[in-house]
Structure formats: structure tokens, C-alpha cells
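Load the model in your viewer and show it as a cartoon. The tour below goes from one selection to the next.

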Amino acid sequence: MTDDVQRKPRPQFLPWFLVILLIAAIAWIGWRTYGPNRMGDPIGTTLVSFEKQNRLVVFTAEFAPVVASKDSRFFGALKSRQVAVIPARVDYSVDLSKMDRSRLSWNAETQTMGVRLPALELSKPNLDEARARYMREGIWITRDAEDDLSRNNTQIAEREALESARGPALMELARNSARSAVQQNIAVPLAAAGYRGITVDVSFDGDSGGALEGRQPATAIEKSKTGTI
């Protein structure tokens, strides 16, 4: 063997490995900076929490309307009158099945979720006729007359209970209760997803401004707040 034997060049793997490593590092930094939020989509998380319950009862009001009706038969020869006190209950609810992305907004900079709820819905008054109290007047009250008097008083009681339930003071109490309930409903799943110390702005259809513009009273959800509705 001679000293003129030439040595074969060794492959230069190290520079290429460093280039690939550098590209991977740049891609990872870019994904972390501009890629999807690792905590997920806050609006999507909120919508999932709404899907679990189609209707949310946020407030209940009870009334005891005093109503009266009259009955006349046989050309006015038999007149009767019935006064009744009929306890009634009206539920205020929010139809969460109407919630979609157009009713939500998320401000990542201020950590604020804007929510616009459908208008409150009032249930048909639930009359507790088992606890109703009746007073009847008349020389002779026929069975048909008694049935008509009770039917009329039931209709009047339902109408008056619903009219009372629509009063401004009770409607505002129900809205405040709805705001608090929805804030809790949103805070718990978002906290589980990693969003803490957020602010929830809640408004209703027909409100001026609206929560999507952040003009409604805000409630900050603290880290320590737990529980749901």
C-alpha cells in the first residue's frame, strides 16, 4: 500500500442538522405566537355551556290577586257575585336555545365577554286553586252560575297576575337575576378552560347600546369564585 491512497470525504451531517433544528424552532415560536389559543376558543366554550340547558328560569314571582265576577240569569231574576283570592306564580326565563356566536363577543385585551340575551319570557301564571279562597253572594247560585263565576275569576286572575309580573320593578329584578345567573354560567367553564379574572357584560335584546359594545354593568369573575347555577 502507498501513501498516495486518497481518503474519502466524510458526509457533513452536522450543518444540515443545525439548519433543520433552527427551522423547527422558528416554526414552533411562530405557532406559539400566531397559532390557536392553547386555552381554546372562549366563545365556543361559552356556547357549549349554554347548550346544556335550553331554558334557564332566572326568577319567580308570586301573587295573590283579588278578583270578582258577576252572573245574571232568568232575565236578571237571579243575580250572583263571586270574590276570589287565587295565589298565582309566574316564572321568568331566558331561552338559551337562541344563543349563537352573533350574541357573543370576546375582547382578549381586556378579558371581557360580551353577552346579548334574548328578551325575558314570562310563563303562563300557575294558579294554585287548591289554596284559593272564595266568597259568593246571591239568593240562589245554580251549578252553571258557579262554574261560570269560577271560570271568569280564573281568567281575570291570570290576566292580573301577568300584568303585575310585567311591572318595571319586577322585570328589573328578573333581569338582574338573569345577569347574575348567566355570569356564573359563563365563568365556571371558562375558568376550567384557563380563563380567570374575566369580566362578563350582559344585556338583553332591546337594550340601548348592548353588551357587544360593552356598555352594560360589568361583573368581574374572581379566581376563587366557584359553583354554577
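Two strands are taken as paired if DSSP finds at least two bridges between them. The model is predicted, and the tour starts with the whole chain.

**Whole chain.** Colour by secondary structure: the chain has four helices and eleven strands. Of its 229 residues, 34% count as buried. Among contacts between residues at least 6 apart in sequence, 75% join residues at least 24 apart.

**The three-stranded sheet.** Select β2, β3 and β9, which form an open sheet in the order β2-β3-β9, paired antiparallel. Residues 66-73 are β2 and residues 133-138 are β9; these are the edge strands, each pairing on one side only. From one strand to the next, the twist averages 15°. As background, strands of a sheet pair through backbone hydrogen bonds, either parallel or antiparallel.

**Between β2 and β3.** To find one of the pairs, click R73; its bridge partner in β3 is L78.

**The helix on the sheet.** Next select residues 143-165, helix α3. Helix α3 packs on the sheet and touches β2, β3 and β9. The direction of α3 makes about 145° with that of β2.

**A nonpolar patch.** Show the side chains of F74, I139 and W140 with the surface on. Together F74, I139 and W140 make a nonpolar surface patch of about 450 Å². Zoom in on W140, in the loop between β9 and α3. Is W140 buried or exposed? Its relative accessible area is 53%, and the cut-off for exposed is over 50%, so W140 counts as exposed.

**Helix α4.** Move on to residues 168-192, helix α4, and pick A192 within that helix. A192 has a relative accessibility of 71% and therefore also falls in the exposed class, for which the cut-off is over 50%. Last, select T45 together with A192. How far apart are the C-alpha atoms of A192 and T45? The separation is 9.8 Å, although A192 and T45 are 147 residues apart along the chain.

Technical notes. Residues are numbered from 1 along each chain as its sequence is written. This is a predicted model: local features need pLDDT of at least 70, side-chain atom pairs count only at pLDDT 80 or more; totals for chains, interfaces and linings use all residues. Side-chain values use heavy atoms; hydrogens and water are left out. Helices (H or I, at least four residues) and strands (E, at least two) are DSSP runs, numbered from the N terminus. Axes are lines fitted to C-alpha atoms, for helices over the stretch in contact, and angles run from 0 to 180 degrees between N-to-C directions. Contact means heavy atoms within 4.5 Å. Patches are made of residues with over 30% relative accessible area and no salt bridge: like charges are joined within 9 Å, nonpolar side chains (Val, Leu, Ile, Met, Phe, Trp, Tyr) within 5 Å. Accessible areas come from the Shrake-Rupley method with a 1.4 Å probe; for residues, only the protein chains shown count as cover. A salt bridge is a side-chain nitrogen of Lys or Arg within 4 Å of a carboxyl oxygen of Asp or Glu. Buried means under 20% relative accessible area, exposed over 50%, partly exposed in between (1.4 Å probe, protein chains only).
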